[in-house]
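Let's take a look around a protein model together. Have the sequence and the 3D view ready.

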Amino acid sequence: MLDGRGAIRRRAGARLWLSGGWLLLLVTVALFAPLVAPQDPLAQDLMSGRLPPFWSAQAEPGFWLGTDSLGRDVLSRVIWGARVALTVACIAGPLTALIGGALGLIAGFYRGWADRIISRLVDIWMAFPPVLFSILLIAVLGTGLTSIILAIVVIDWTRFARVVRAEAMNQGAMDYVAAAQVAGFSRLRTMTAEILPNVLPTLVALLSLEMGIAVIVEAILSFVNLSLSTDAPTWGGMIAEGRTSIHQAWWVLAFPLVALFLTVLSFSQFGEGLKDRFDPVLR
Amino acid sequence: MDDARPLIEVENLRLSLPDLAGKPLIGPAPKLEILKGLSFAIPRGAVLGIVGGSGSGKSTLGRALIRLLEPSGGAIRFDGQDITHLPEADLRPLRRRMQMIFQDPLSSLNPRRRVGGIIGGPLRLHGFDAIDRRVDEALDHVGLPRSFRSRYPHELSGGQRQRVGIARAIALRPDFILADEIVSGLDVSSQAQVLNLLEGLVADLGLTLAFISHDLSVIRRLCRNVLVLHRGEIVEHAPTAQVFAAPRAAYTRELLDAIPLPDPDQPWG
Amino acid sequence: MSALLDIRNLSVALKGGPRLLRSVSLSVAAGEVRGLVGESGAGKSMIGKALLGILPRSVEVVEGQILLDGDDLLGLPPAERRRRIGQRAALIPQDPLTALNPAHRVGPQITDRLVDILGWPRARAEARALDLLAEVHIPDPGRVMKSYPHELSGGMRQRILIASAFAAEPALIVADEPTTALDVTVQKQILRLIAEMQARHHTALLFVTHDLGVVSKVCQTLSVLYAGKVVEETTVRDFFRAPGHPYSAALLAATPKYTDPDGSLTPVPEAVIAAVRAEVEAAETEWQHGRR
Ligand SMILES: Nc1ncnc2c1ncn2[C@@H]1O[C@H](COP(=O)(O)OP(=O)(O)OP(=O)(O)O)[C@@H](O)[C@H]1O
Ligand SMILES: Nc1ncnc2c1ncn2[C@@H]1O[C@H](COP(=O)(O)OP(=O)(O)OP(=O)(O)O)[C@@H](O)[C@H]1O
Ligand SMILES: [Mg+2]
Ligand SMILES: [Mg+2]
């Protein structure tokens, strides 16, 4: 229990740089997609359908990662797909963290009736199966980016609320909270300036996981065709399409899948890396 | 103001806390009475020693005195004002004047705040000027180098942390300090320095001190009166000299007998 | 006979910074209780942390060996080292409240280690925990097992950590100021318990304390530390009869005794401090020369 505590030594550097590097690359190409993408992601050309990637003999210049069955450039679609994925991750993640984190912090610090209301709400919320819940939500809200983001926030805030509440309660048992009270600090100030910095590492780790989850959720919803219009380039949509022609053109499935995998992994590793690097207590 | 009046008056103080270990599956936890009707007073500028067995309620009494806990019965008056059930907002103006130094040093310091902020934060809140100078002075007083301002609590040794807690309390120039077991983690030299500091504050600034300690040699040196607590009740409250010369309660005698003298040849029970 | 624990020339430093431990050597034989005293910040806890492999990340071992059962821990692969330490040694940490997890009840915090690391059946671990809590004189152990750490008094928390260290009957216990929150009567009972364990299981202890009274009662040998350097290593008898170093002598002289009402509460004299500081600095310069 006590003895293994400090023995967990992790190498912060490599993980932070690798994951950060991938995310930075992704953000850059997403931002400058119109400039970076070699082709129009929507342009179809049935004559040059299912072209293999560049290292193959049948590859054609300009279609680095090949084309899909409609002749659309895979690389360009992955790049434009990153736009959608990152938009969802960067809006849904922080929004979820903000709402769930704030409610969890209030419940865990103030306890009493605030805690009772929030905890009850979380319990009720978690009684719904999340996939059904999201499909129901999209059905009501209609498809589109906003709906996806809303669905993620509405479903996932409970995760933040629960973890942050527990952590805030643990911190509340520490005497430094009593010391802040003795010093005369207000409750609100104690919560934001004393407890929050100590909950923050947990929150950041959770947020980075959540951003990865958001990317996956977006992919799943696109996969089942509940996201953007079928045409629009999304990783999930590409994976769905690629699945149908996996024997003829594996690359249509593989590249968006790899991008998805790397991105989800990078988000979680980046969060851990940040914590390792910047948390004074771990240094 | 009436100077003859004790700074702290406690009358029939009772305190119960919910006992989570005994909580039934449904329904509220049963109450556990921890302080069972204590009455005493601490005159201005006096030093009261509080001793007693482990779990006898000393820290709980301390937390009640500075109103971190709300008593369930009786009354506490601070400087004539009844603070027994005062809501937190009304206590805030009094906070600077009554300070506590906690028993567990690491837990009482915010792990993600530097020493400078830990000592300076409360000063800023209460509108002190020249915060930096005051922080430096406080560190000087407790014998820590000024460079420690930029350290985090986990970068200090146990005794150094304890002294940061002491510095935080004295920097506010309070009228009353409750010191909960503050010297047991210090070497004799630092101990002497802290005790001399506190004695100086008592003598020069009229500080009133309640000093919880297991170390009877320290109590004997510092306190004029001693209060012996046993299972939430006062079993003895008398001038220090009298307690040491002729302990009335059996429990006090037991305490005296159990002190290990620094001498390998002294027989010890 | 080789010692159970043998620390040789151990130096520990802030990464890229000054040394916190300066070529420390000390050994503890099976069944021996070695006291470790010295001013606050001298590096007593750091020795314990280095030996248990829980140094803070900003601190590293720059030289030396830590032999446990004759094998150099620093040379072992991390997993093997953790396993060895987990099986042979235990720590009673200096900060009772922070060492306990506030989110869990006390009972599992004692028993989990027995179950997870030593593979005991849960029922046996629980029975053992209850026995030990009774042995450290905690009233109503059953209730305490079900309590959360913040519901317990400082002394009770400390005794829980003592019980939890003793639970697995380790060969070596690093006790870092284990009785600071205990009143003298309980302290006496705990020190008795230690003596008993020592007799029964041949447990060895590295006993960090500021209380020379306690040293005189439980320790057989003593190391005096100043600014990360061992300035004296001696037996307890010799220490109290004739301290071998001026700093030790001053420490002994400054210790208050309750029997003496106007007892000295004078710090260690400036002159002694200056002398020992100069001695440490000289050694430091010499060491740095040796490194180059
Ligand atoms: N929050 C709480 N909930 C329930 N019981 C509590 C709580 N805090 C303290 N107690 C109980 O109150 C009793 C007195 O505790 P307190 O901390 O006041 O003792 P103490 O005299 O300071 O002891 P020590 O010298 O060991 O620090 C103990 O039995 C403890 O278990
Ligand atoms: N993470 C850290 N970074 C920098 N300095 C540190 C760190 N941890 C400890 N120190 C310093 O190392 C020195 C030794 O600390 P250690 O905790 O071993 O002291 P100690 O002898 O146990 O003292 P005490 O009796 O007060 O507990 C102290 O001066 C402390 O300030
Ligand atoms: Mg206490
Ligand atoms: Mg220490």
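In which loop of chain A is Glu60(A) found? Glu60(A) sits in the loop between α2 (33-36) and α3 (74-110) of chain A. Helices here are DSSP runs (H or I, at least four residues) and strands are runs of E (at least two), numbered from the N terminus.

A quick note on the ground rules: this is a predicted model, where local features need pLDDT of at least 70 and side-chain atom pairs count only at pLDDT 80 or more, while totals for chains, interfaces and linings use all residues. Residues are numbered from 1 along each chain as its sequence is written, chains are lettered from A and ligands numbered from 1 in the order written, and side-chain values use heavy atoms, with hydrogens and water left out.

| Residue | Loop in chain A | Relative accessible area |
|---|---|---|
| Glu60(A) | between α2 and α3 | 39% |
| Phe32(A) | between α1 and α2 | 42% |

Glu60(A) is also 72 Å from Gly184(A), C-alpha to C-alpha, and 124 residues from it in sequence.

Now for chain C. The magnesium ion (ligand 4) is coordinated by Ser45(C) through OG and Gln94(C) through OE1, at 1.9 to 2.3 Å. Ser45(C) lies in helix α1 (residues 44-52) and Gln94(C) in the loop between β6 (89-92) and α3 (96-99), so the pair ties together parts of chain C that are 49 residues apart in sequence. Donors are N, O and S atoms within 2.8 Å of the metal (3.2 Å for Na, K and Ca); water is not among the atoms, so sites may look incomplete. Both Ser45(C) and Gln94(C) are buried.

Notes:
Buried means under 20% relative accessible area, exposed over 50%, partly exposed in between (1.4 Å probe, protein chains only).
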